[in-house]
Amino acid sequence: MQPLGIHHVAVNVDDVDRAVAFYTDVLGFTRRTDRPDFGIGGAWLQAGDQQVHLLAAPVPPALGQHLAVLVDDLDAVVTELRARGLDVRDPAELPASRQSVVADPSGNVIELHQRR
């Protein structure tokens with residue numbers, strides 16, 4: 001098998017509408033309209049060529065699930081999110097990237113990555 005990449009990641013949220021507002025208004029994702037009725041609340045979001053599927057389901061403990069978003073300018077993103085009143089960790093230097101962390105309204109960890 002040779003994977004081509006990640007198609008989507010599913011993230012449990014406790015309030016779908018609040019989560020959609022955060023991911024679209026704050027992080028700039030776009031909402032997809034082609035989500036079928038699975039009998040459980042949720043939403044599909046687009047981020048570049050990848051998707052995030054929000055599911056109305058119990059949220060695991062911190063770092064039980066998380067996603068990482070690739071950004072071009074981590075310092076600018078941190079400044080923008082802090083201006084919105086969000087608690088964003090100071091960027092950390094990693095071997096191949098720089099990283100910061102913020103949480104969505106359900107408490108899910110979102111890593112923000114900038115390649116070196």
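User: Which residue forms a salt bridge with Arg 116?
Analyst: Glu 93 does, and the closest N and O atoms are 2.5 Å apart. A salt bridge here is a side-chain nitrogen of Lys or Arg within 4 Å of a carboxyl oxygen of Asp or Glu. Before we go on: this is a predicted model, where local features need pLDDT of at least 70, side-chain atom pairs count only at pLDDT 80 or more, and totals for chains, interfaces and linings use all residues. Residues are numbered from 1 along each chain as its sequence is written, and side-chain values use heavy atoms, leaving out hydrogens and water.

User: Where in the chain do Arg 116 and Glu 93 sit?
Analyst: Arg 116 is in the segment after β8, and Glu 93 is in strand β6. They are 23 residues apart, so the pair links distant parts of the chain. Strands (E, at least two residues) and helices (H or I, at least four) are DSSP runs, numbered from the N terminus.

User: Which residues are joined with them in one network?
Analyst: Asp 75 and Arg 98 join Glu 93 and Arg 116, through salt bridges that share partners.

User: Is Arg 116 buried or exposed?
Analyst: Arg 116 counts as exposed because its relative accessibility is 58%. The cut-offs are under 20% relative accessible area for buried, over 50% for exposed, and partly exposed in between (1.4 Å probe, protein chains only).

User: How many salt bridges does the whole structure have?
Analyst: The search finds six. One of them joins Arg 32 and Asp 34, with the closest N and O atoms 2.5 Å apart. Arg 32 is partly exposed, at 25%. Asp 34 is partly exposed too, at 40%. Another joins Arg 18 and Asp 14, at 3.3 Å.

User: Back to Glu 93. What is its bridge partner in β7?
Analyst: Arg 98. Strands β6 and β7 (residues 97–103) pair in the antiparallel sense over two bridges. Two strands pair if DSSP finds at least two bridges between them.

User: What order do the strands have in that sheet?
Analyst: β5-β8-β7-β6, in an open sheet of four strands with mixed pairing. The edge strands are β5 and β6, each pairing on one side only.

User: New topic. How many aromatic pairs are there?
Analyst: Three, in the whole structure. Phe 22 and Tyr 23 form an edge-to-face pair, 5.4 Å centre to centre with 90 degrees between the planes. Tyr 23 and Phe 29 form a tilted pair, at 5.6 Å and 55 degrees. Rings of Phe, Tyr and Trp (its six-membered ring) pair if their centres lie within 6.5 Å; planes under 30 degrees apart count as stacked, over 60 as edge-to-face and the rest as tilted.

User: Why does Tyr 23 count as buried?
Analyst: Because its relative accessibility is 0%. Phe 29 counts as buried as well, at 7%. Phe 22, Tyr 23 and Phe 29 form one aromatic cluster.

User: How many residues are in the largest nonpolar core?
Analyst: It has 25 residues, and those with the most contacts inside it include Tyr 23, Leu 27 and Ile 110. Such a core is a set of buried Ala, Val, Leu, Ile, Met, Phe, Trp, Tyr and Cys residues joined through side-chain atoms within 4.5 Å.

User: Which element gives the largest share?
Analyst: α1, with six residues.
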